[in-house]
Structure formats: C-alpha cells, structure tokens
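Have the structure open as you read.

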Amino acid sequence: MSILTWMTFLPLAGMAVILCLPSRAHTLIKQTALAFTLPPLVMGIWLFEHFDRATAAFQYVQRAPWIESYNITYFVGVDGISVSMVLLTVLLCPICILASWGIDKGIKGYFALFLLLDTGMMGVFVSLDFFLFYIFWEVMLLPMYFLIGIWGGPRREYAAIKFFLYTLAGSVLILIAMLVLYFSNEPHTFDMTQLMAQSATYGTAPIIWGLGLQHLLWLALFVGFAIKIPAFPFHTWLPDAHVEAPTAISVILAGVLLKMGTYGILRINYGMLPIATADLAFWFLAALGTWNIIYGALCAMAQTDLKKLVAYSSISHMGYVMLGMAAFTPQGINGAVLQMFNHGTVTAMLFLLVGVIYDRAHHREIEGFGGLAGIMPVYTGVTALAFFAAMGLPGLSAFISEVLVLLGAWQKYPGLTIVAASAVILTAGYMLWTMQRIYLGTPNEKYLGLPEISARELVTLVPLGVIVVVLGVYPHAVLDLINVSLLNLNQMVAAAPAAVASLR
Amino acid sequence: MDVTHVSYLRWIPLLPLLGAAVNGLGGAVIQRRFGKRVVGAIAVTPVLLAFGIAVTAFLQLKGLDPEHRFLLDDVSRWIDVGTLKADIAFWVDPLSCVMIFVVTGIGGLIHIYSIGYMHDDDAYWRFFAYLNLFTFAMLTLVLGDSLLLMFVGWEGVGLCSYALIGFWWREQVNTTAGNKAFIVNRIGDFGFILGIFLIFWSLDAAGHGSVVFRDIQHHATSLEGRTIWGLPVVTVATLFFFLGATGKSAQIPLYVWLPDAMQGPTPVSALIHAATMVTAGVYMIARLNFLYAMAPETLAVVAGIGAATAFFAATIGLVQNDIKRVLAYSTVSQLGYMFVAMGVGAYAAGVFHLVTHAFFKACLFLGSGSVIHGMSGEQDMRKMGGLKDKMPTTFWTFLIATMAIAGTPLTAGFFSKDEILWKAYSSPYGGAGLWIIGVAGAGMTACYMFRQVFMTFFGETRAEHDVVHHIHESPRSMTMPLVLLASGSLVVGFLGVPEFLGGGNRFEAWLEPVFAHAHVAAAHATHDASLEWTLMLASVAIATTGFLIAYLLYYRRTASPEAIAAVAGGAPYRILYDKYYVDELYWAVFVRGTLLLARAGAWFDATIVDGIVNGAARLTVTLSWLDGLFDNYVVDRLVNVLADRTYDLGARLRRVQTGNINAYLYVIVGTVTLVLLARLM
C-alpha cells in the first residue's frame, strides 16, 4: 500500500476511534486526534526525504479497481506540485489539533469532523482519478460546513451556509466538466494521467462566443476553482467564513483549502486543457490575479476587525499565485507554488495569532487594543515576525515567492507586474498601521492583566516561524521538490498550439 | 576579472547577526541575570571583530594587482530557478571595502557610544539587538554580490530603521514616524525591484540573464540598443534604481521620512540616518556606475535631483530650532551633494564625500546626543546656550565637525565637497548652473551649522533652572567616540587631496578599478589648475559669508533674527519653517487618497459584490416564497379542491352504504329488475 494511502486514511481511522470513545472523555478525544495526525506528519517528513526530485512523474502511486463498470479506480500518487501541498497539510493538521485544545462544546463531534476534513484534504491532493478527486472534494465540504456552523461565532449559520452554497455551486461546474471529459475519452475514463495525455483531442472549434469546448470546460473548471482561491468576484464567502470560524478552522481554511483552488487549476486546467490555458491565462489568471492583489490589499486596509483584515490579505496574497502561474516562466510558476506553500504557513501563523488575542480579549477590533507589546512581549515578537513575513520582507519565506512571481511575470506582463508590485507599498501600509494600533502605543488599561502567550500556543507557532525563516534563507527545500514538475507543466502549455490567438 | 575565493568574508555580516540573535532571543534574560554590561559586550564585540576582518580583507585586497582586487566568499545556493541564479555570496572590491570600513568602524564607535547613552533604558538589550541586526543588514547590502542579495540588505536596513525610529513605541509620534519611514522607503524599494526585473530580463534576452553584479557588468554592453516602451532599457532601469535611491537616501521626492526619523534614539540617527543607511542609495549608484555611464539622461536626472535636494533641504535647515532636525535637513542636503557627484559621473568624489560625511555627521549627531543627554532630554536650541564651558569635549568635537561640514579649508569636508563642486562644474555632464546651486547650498550649510553652534554652545544659557543644575559632560564611553570621530573629520580628508593641491588623491586611485569604465567620460574633463583654484576660493568665500551671517545674527546679534523672520509678514519664514508644506501635501494627496480608495474598495466589496451575492440569495428565497405561495394557493388548492370534491362525493355516496341489509336487497333487486327490463326492451 502506498504511503499516501496511509497518510490519507489514518485520520479517518482516528475519526472511527473517536466515535467509539465516550463523549465525556475530553482529553482522551483530543489526544486521540493528535495521535492520528502526528503519524502522517512523520510520514510527510519521510516523504520529503525520499521524494525523487529529478522526475516529473507521479510517485508512490497506488492503483486499485473501485467501480469497475464505470472504469473508476482508486488511483493515488504525488508529483512535485501535490507533494508540497501534502506536506503543508500534514504540517498544519496537528498544529490545528493543538490550537483546538480549548474547544469546550461538542468536543467529540468537533474532533471527529476535523479528522474527516483532514482525510478529505489529503485525498484531494493525492487523487489521480478525477472521480476520486471529486469525492474527496465533496467529503471536505461537509465537515467544514458543520465546523463553521456549529463551533463558529455569532453569525456562524449565515457564514456556513454561504460557504457551503458557494462551494457547492463550484462543485457542480467541476462535476459537469468532469463528466464531459469522461465521455470525451474512449474508453471513458476518469484517470487523470489519461485525461492529460489526451489533452490535444478536446475540441477547440468555436461553439459559443468564439469559445471551443475546451475553453468552455476551462471556464467551468476555473469558476469552480476560483471560488476556492478565492478570486474576485467570488470571494465574499471568505471573510465571513473566517470571521465566524474557530481559530483552527480558519487556519485550515486559509492554509490548505484556498490552495485547492490554485492546485486544481494547475492540475486540471493546466494539465488537461493546455490550449485553453494558453488562451485564457492572461485575462483570467494574470489580470484577475493582479486585481486580486490590489483589491484585496485595499479592502484589508479598510477593515476594523483583525481577522477580517487577515482574510482580505489572503485574497491579496493568493493573487500572486494566479499571476505567477499565468506567466509560464520557470520563475513565475515556481514562485506561484512556493507562494502557495508560504502563504499556508504565514497565514496560518496570522490566524493562530489572532486566535491567541481573541481567546483573551474576546474581541478582535483593531481599535480596541493598543500597547500589547508592553503586556505580551513574546506574543508581540512572534506577531512581528508573522507580519513582516506577510509583508514579504527579504530573509523570510514569502519574499522569495513574491519576488519569483513578480520577476517571472515581468517577462510576459511588465505593465501588470508594475501594478502588482505596487501592492508591496499597500501591504506595508496596512500591516504596519495594524501593528501600530494593536501592539504599539500606550498599553490599554483594560488589558493590563492579559496573560502572556502560553507554551501550547507557542508550540503551534514556533515550527511555522522556523519554517518561515528557513525558507527565506534556503527556499530550495521546497523549490527543489516542485521545480521539475512545474517546468514540465510549463512545457505542456507551451507546446499547445494557439487556438484563439486574439484572446491572449 | 580574476576572483580570489576566500571563506572568511561571511563572518563580517554574520558576526553582528549572531550578536543580534543572542540579544534578540535571550537579551531580556541576560540583562536580568548578568547586567547591561554583558549585553553591551555581546553587541559591541561582533562589530569590532567584523572591523578586524574588514582590515584583513583590505590588506589582502591591497596585496593584489589593482585590476584583480576582488574577493569572493560564496556561502551557499540561495535562489536558482530557470536562468535566475543568486547565491548567498559576499564580495569585497575596493568600493565595498571602503563601505565596510565605514559601517563597522563608525558603526563600532556608535555601538560603544550607545553603551553610555542608552544606559538608563530598560529595553537596553532590545536596542542593541536592533543595532546589531542593522549592522548585519547594512553589511549584507554592501557585500551582497547580486542585486537580489543587496535588496535583502536594502529592505533589512529599512526594517531596522523602522524598529529603531519607533524604539520608544509607547509614544504614538515615534511609531508614526517609523511607519512613515518604512512605507516611504517601500516606494523606493518598489522602484528598485522593478529595476532588477528589467535588467534581468533584458540581459536574459541576450542570453546572459543574471542579477550578479560582475555578470551584469560583464554583459552590460548587450543592453545597448534594447528598448522598453520605446525608451532605452538602461535609462528606464537606472531610473527605477534611482527611485530606490531617493527613498533610502532621502532625496526629492521621497526625503520626507528622514526628518521625522529623528524620533529615534540619537545614536540611531547618527548610525542609520546619517553615516550608513542613508548613503545606501549613493553606494548603489556607485556600484552600478557602469549602467549609469550608459544612461546620460538618467545622470542628468540624478544630478538635477541631487542639486535641488541639496539646495532646498539647506533652506529648511536655516530656520529649524530642534537640534536634531537641523542635522537631519543637513544630512538630506549633504546626500544631495553626493548625488550631484554621481550625476556628473564623479563617482569617486561622491563616495569620498560619503566617507568624510560619515565622520563629521556621526560626530555632529553624537555630539547633539551628548548635548541632549546633558540637557535632560531637551532638544530645542532656543532653550540651550552657553554649554561651551559645561561640556568642553562635546563642544570642541562639535565645533571641529561643524568646521568640516562647512568646508573649512584642510578639514575633511573641504576636500570632499570641493572635489564635488569642481566636478559639477568641469564634468561634461555638469556645468556652471550646478556649481552655483552647489555653492549656494554650501554657503547655507556654513550658516545653519554655525547658527547651531552659536545657539547651543555660546551666549547665556536659556535653559530652565533645574535643567541647568544637571548639565554635565557625558561619560567616557560617549566622549571617546566623539574625539575619534572629530579627529577623523580632520584627517580623512587627506586621503583625497586633489592633484592641483599637490596631493595624489589616493582615495580616487584606490577606487579607480571600480570606476574605470565610467571614467571614459570624465577623462575629457577640463584640467585647468588656475580655474580650479579660482572656484575653490570662491566657494570658500561663500562659505565664509555663511559663517559671518550666522556670527552676526546669533553671536554678535547685530541684527535680530526675529526681525528677519518677520520680513514680508513672516510668510517666507513660515514657508521654510513649515518645510514648504510638502508633508501636508503628501498627507492630503497620498495618505488620505489611499485611505479613501481603501474605504471605497471595502464599501464596494460589502455593498456591491456581497450585495449581489446576498441579493441572489434573497432573490432565491423570494422566488421560493412565491413558489411556496403558488404551491400552497394554486397547486395545493387544486389538489385540495379535488380532494374536497372527492370527499364530498364520497360523503354523499356514503349515504348509500347504510348497512341496512333490507335496503341493499331492495337496491339489488331493483337494479337486477332494471337490467332485465332493459335487456327485454
């Protein structure tokens, strides 16, 4: 059995175990959850050590028949793109379990659902059968809905339903595109490697508005994935979901779930529909990504709720991923995937840090604090690291990915790159302004007694902080993993003949 | 170009980083357990060691042939994607060698000074951690062998500057100044990074994509004839880089952060905002001289901006009352001179002024710090006076440094400034106009600097009684650096005595290999010793005039400065005092504009975008409600009507089913009879 299967289903086994435990055994339930998320992390480290960085082929592949009458298989494996996301997932899950230690209602249900979510996320990244991918994609949706809807803040139901409906709408589009692809192949197949190999056969003859079948499929998939990124104008579920979700769920949402959007585009749109990708990338990825960067940063600047600010900063930072992948340069696409990873760690830190202060003060109004540096100096120090990482300060991880994205994009789109790069000023603006209002200045009398960050909270943050620093100095720890697969992907798109030249 | 590979250069930046890490992570504990002396020692030692290594590097460099003076320490792979390759690698050539001397030498003195100056501060350890981190970042900026690694240092020094300006973070005015510094610098950084992109891809198009300085230099000629947006690539790229330089080195239009940066502790003003960080822009242009030499249009812009900044900042400096603000505008102005030098292709002269300025301006800032220390924190010169006798060491060193900046003959500032003014006049890129602006600025410099000396050290004290009571000379750890820097302000000028004064200009000769390319243009410069003498005497005369004005107004008080300020209703004075209202303009346009845009964006997001989403949801709900109505009142009504009718029918028919056997029999018999009758008919 492939190590990937173990990594995917161990959490599910954990869920089964938790369901058998008595609901009142709180500590035992939490420990069980941790016990089932740590082995995947260890396996992830093993995978990091042993992953063959010299090939773009899928590794640790396992294939087994599943629903034979429809030619559906259990088919998993990883290449450079997915392995980086797998590592991110196995890293963040135990951290989130620790960050959930303070959950005080429905503990059994919470951790059981969390482990189910874990399995869903892993499954999405390792699936190489489109049907399997889709199943995991949907499996993820349900626990997320309940986790926000039950354990969330005051407007949790609105947020949960909004999240659910939005994602479901996207899923439907993905489902339709998936079925079209399935029937376009003879024999019908959901095998992604097959679907990619046949990429040249999907029709490009104009059907409607000058778009061929391939372009329509591309757009359907794009909208499905763009909702997850989230790309403007499908992004408004995100701030609401974040504001209402408990800390750990925000971490997962921003750290892992958003990446599924861009991962899906790379894996499916790029891999299976290269011609449409080449045609549509400018408007739907480069231009929209740049818009995301600026628009997200401006919206973040105007927020009064710290968590909402971080949520909008995510929208801004995910824009870099879109811009980078649209450049089709080695630097751009490498920067994009590295940015996915780096945003995962940096934003996870930011949400954890927001959680720390929310747990103590029970609100997140930026104007409601002041001078926390004098009350919680260690906490402020860690926050400063995360803030500067989010600003893309050189020496920290996000700098490398942002610079690679912008540098890679310059060759194709110098104008857009100038606009996108100007966001470094806006980002510095809202981050520093927030820093000043919450952490600096005269300490707020009301919060003089706030306890310093606890050891457990530090345990969740320090590993991420270390990664942020290490990847700033030695980004090749991730870049070497992803580079070969991404160059291969670039080549596939480059080799695709232009169909609708005018759209570029 | 031959490269000598070594493996010790890395320690020049890494030792201060180590100091920063120790004090930054464990400083609070160390300070509590072992006291501030240990914290100070942890911070000072690495910088002094780095200075020692810099000397080693200098000696090794000196032992090499001038054309091969190039040491490289390639530490590790950093970014290697596609054709983009940047290592973590440090290099020393004659130019970066000069810079590391300034950074570790003057930086080391300022570290020592801080031991005394910051002694009463509880966050002592944090201060030194920042100071060491700054030293690391500045050394990375200087020693980084690629544009990208330089950029790491470039933003790193910005971070430390931010942290140190807002060091006393409880005061909002300090943190606001820190934010301003960082954000304004980011505008410059934005230009810098775009310059990197453009250079990289333009070289890449010729098959030589690189961000490593020596490769760029090697292939620079392949940029010729290349255009972007109809303009030569080199011109656009050098302008991008220059935007970066205006941010870091506080030139028009991005100079506004530097005067506010004086909110930081005074040693910080000396180290970061006078001697080292703010010269980074000058260093960058000197570093990329081979590109600037290819872009005469950019050079004209650089010289023009430099001259304008030198002049305008000097006019503002004339009327400020805060002892540090005067020095801040003076720094902006002096940096302007360095850019004039860069702009006329006199790179060596610019770097020479950078070095001499580092000495006398650090001395002035530390001296002002000593004054502030002695005056219990007072910074307003109107409340000073008569400190000459109470703080003799501070006074004498301050006076020497003032003479140097004013260009008194034979001091360091005299040689370096005069070199720039001469080049501004004689270079093919220069002209009489630049010289006149430069000399006018020099006159004002002498005036405002001596005004400062007179207001601070001479006359009767204007301080309040309890302050006067406490005035004292500063401790040895503070005066020792002052003495050393003042001595430097006297002697370093002799490194660059020009030929017409019988000197060999050893400084220029040392930098010769770095600027060899750029010298092609300067070679045509006029060599007219008598003209050089005339211009020099003229500039000395004008500086003397500046001194005399200060002397008459602020020492002899022959005329009252207040009366002059009141000329024309005080309007000219107010304009200068309020710094031409540039801050207010920027605030109104850029800061408010951005915030307005942000609010508009958030409103659009919440009202329009989310409005559509929620509207769609509401529409769906409304539709389903209508559908419900239809279902209830139409579909269901029909069903119910049908059901009711059926029920009625049933109810009526039920009457038939009476359960009365006799009645059933009647019906049966009757029906059978009827059927039979029908059959028979």
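Let's start with Tyr580(B), which sits in the loop between α25 (571-577) and α26 (582-654) of chain B. Bear in mind that this is a predicted model. Phi of Tyr580(B) is positive, near 60°, and the residue is not a glycine. Most residues other than glycine have a negative phi, and most peptide bonds are trans.

Trp229(B) is another non-glycine residue with a positive phi, here about 50°. Look for Trp229(B) in the loop between β4 (227-228) and β5 (231-232) of chain B. With 8 other C-beta atoms within 10 Å, Trp229(B) is exposed.

## Cis peptide bonds

In chain A, the peptide bond running from Phe232(A) to Pro233(A) is cis, with omega near 0°. Pro233(A) belongs to the loop between α8 (213-228) and α9 (237-244) of chain A.

Over in chain B, the bond from Ile252(B) to Pro253(B) is cis, and omega there is near 10°. You'll find Pro253(B) in the loop that links α8 (233-248) and α9 (257-260) of chain B.

## Helix packing in chain A

How do α3(A) and α13(A) pack? Helix α3 (residues 80-99) of chain A meets α13(A) at an angle of about 10°, and the two axes are 9 Å apart. That angle is why α3(A) counts as roughly parallel to α13(A), since the class takes in angles under 35 degrees.

On the α3(A) side, the contact uses Ile81(A), Ser84(A), Met85(A), Leu88(A), Leu92(A), Ile95(A) and Ala99(A). The α13(A) side brings in Val337(A), Met340(A), Phe341(A), Gly344(A), Ala348(A), Leu352(A) and Gly355(A). Sorted by class, this contact has 11 nonpolar residues, three polar ones and no charged ones.

## Where the chains meet

Now for the interface: 43 residues of chain A are in contact with 38 residues of chain B. On chain A, the elements that give two or more residues to this side are α11 (274-302), α13 (330-361), α16 (397-412), α17 (414-421), α18 (423-439) and α20 (476-495).

What classes of residue make up the side of chain A that touches chain B? The tally is 27 nonpolar and 16 polar, with no charged residues.

Definitions and conventions:
Residues numbered from 1 in each chain as written. Chains lettered and ligands numbered in written order. Predicted model: local features only at pLDDT ≥ 70, side-chain atom pairs only at ≥ 80, totals over all residues. Contact = placed C-beta atoms within 7 Å. Helix = DSSP H or I, 4+ residues; strand = E, 2+ residues; numbered from the N terminus. Nonpolar A, V, L, I, M, F, W, Y, C, P; charged D, E, K, R; others polar. Buried ≥ 20, exposed ≤ 12 C-beta atoms within 10 Å, placed from the backbone. Axes fitted to C-alpha atoms, helices over the stretch in contact; angles between N-to-C directions. Parallel < 35°, antiparallel > 145°, perpendicular 65-115°, else oblique.
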